[in-house]
Amino acid sequence: GNSVNRVFGILNGTCNYILTRMEAEGVSFDVVLKDAQRLGYAEADPTFDIEGHDTAHKLSILTSLAFGTRIAANDIYMEGISNITQADIRAAGDLGYRIKLLGVAQRTESGIEQRVHPTMVPTASVIAQVHGVTNAVAIETDILGELLLSGPGAGGNATASAVIGDVADIAKSRPGFQHGPVFGRPAKELKPYRKAQMRS
């Protein structure tokens with residue numbers, strides 16, 4: 001079959017917006033964060049987004065879907081973007097890289113490795129071309145290679161669309177309706193999550 005080896009991506013539109021503006025305009029994290037809050041891309045308390053919690057929660061769901069394991073959000077290494085400075089952005093650019101907050105889940109010999117952290121990605125890579133509030137998920141498989149899916153990740157319309165989709169799914173799951181399992185298989189068939197040793 002076509003098995004997944006790795007899933008990674010930009011899973012938080014707020015963080016991607018902040019990093020995009022910091023690079024494009026040379027402004028500080030704090031200035032862009034205030035603009036993101038004013039525009040409705042960031043919450044009044046942005047901690048959940050900027051410290052990587054939102055990305056980690058989404059990554060745990062993707063890990064479950066990709067590898068058929070139970071959700072293990074508490075086992076994810078997590079580092080946010082609040083300490084990223086203009087010096088970091090410039091240094092990455094000088095080396096031919098761009099900083100993105102990535103969520104990464106990959107199969108290893110010892111288990112599944114999950115991590116969220118700012119990552120230097122080559123500016124010529126497809127994931128580096130994802131700007132603003134856009135999210136993108138790359139799926140690496142043994143047969144098809146790498147697939148990339150992208151779309152809006154922050155703001156009123158994106159949030160409203162996700163909520164409406166969730167409400168529709170709930171409505172379809174009432175008694176008498178045939179509805180597939182949330183993770184593509186019944187919960188009792190999800191394998192226990194086996195945390196991989198992080199490589200140093």
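Of the 200 residues in the protein chain, 40% are buried, a class defined by a relative accessible area under 20%, with exposed residues over 50% and partly exposed ones in between (1.4 Å probe, protein chains only). The model is a predicted one, in which local features need pLDDT of at least 70 and side-chain atom pairs count only at pLDDT 80 or more, whereas totals for chains, interfaces and linings use all residues. Residues are numbered from 1 along each chain as its sequence is written, and side-chain values use heavy atoms, with hydrogens and water left out.

The protein chain contains 6 helices and 6 strands, taken as DSSP runs (helices H or I of at least four residues, strands E of at least two) and numbered from the N terminus. Their order from the N terminus is β-α-α-α-α-β-α-β-β-β-β-α. Among the contacts with a separation of 6 or more, 67% join residues 24 or more positions apart, contact meaning heavy atoms within 4.5 Å.

In helix H2, the buried residues are Phe29, Val32, Leu33, Asp35 and Ala36. These residues lie on the same side of H2, because they cover an arc of only 160° around the axis, the arc being that of the directions from the helix axis to the C-beta atoms. The cover over the buried residues of H2 includes H1 and H3, while the face turned away from the buried side carries the exposed residues Lys34 and Arg38. Gly40, which follows H2, has a positive phi near 85°.

A total of 7 salt bridges is found in the whole structure, each being a side-chain nitrogen of Lys or Arg within 4 Å of a carboxyl oxygen of Asp or Glu. One of them joins the side chains of Asp35 and Arg21 at 3.0 Å, N to O; since Asp35 lies in helix H2 and Arg21 in helix H1, the pair ties together parts that are 14 residues apart in sequence. Asp35 and Arg21 are both buried. A salt bridge of 2.7 Å, N to O, is formed by the side chains of Arg98 and Glu23, and this pair links distant parts of the chain, with Arg98 in strand S3 (residues 97-108) and Glu23 in helix H1, 75 residues apart. Arg98 counts as buried at 15% relative accessibility, whereas Glu23, at 32%, counts as partly exposed.

The rings of Tyr17 and Tyr41 have their centres 5.0 Å apart and their planes at 65°, so the pair is edge-to-face; rings of Phe, Tyr and Trp (its six-membered ring) pair if their centres lie within 6.5 Å, with planes under 30 degrees apart counted as stacked, over 60 as edge-to-face and the rest as tilted. Because Tyr17 lies in helix H1 (residues 13-25) and Tyr41 in the loop between helix H2 (29-38) and helix H3 (47-50), the pair ties together parts that are 24 residues apart in sequence. Tyr17 is buried at 10% relative accessibility, and Tyr41 is partly exposed at 25%.

The loop between H4 and S2 contains Thr69, which is buried with a relative accessible area of 5%. The C-alpha atoms of Thr69 and Leu190 are 5.0 Å apart in space, although these residues are 121 apart in sequence. Beyond its neighbours within four places in sequence, Thr69 is in contact with residues including Ile112, Leu190 and Tyr193.
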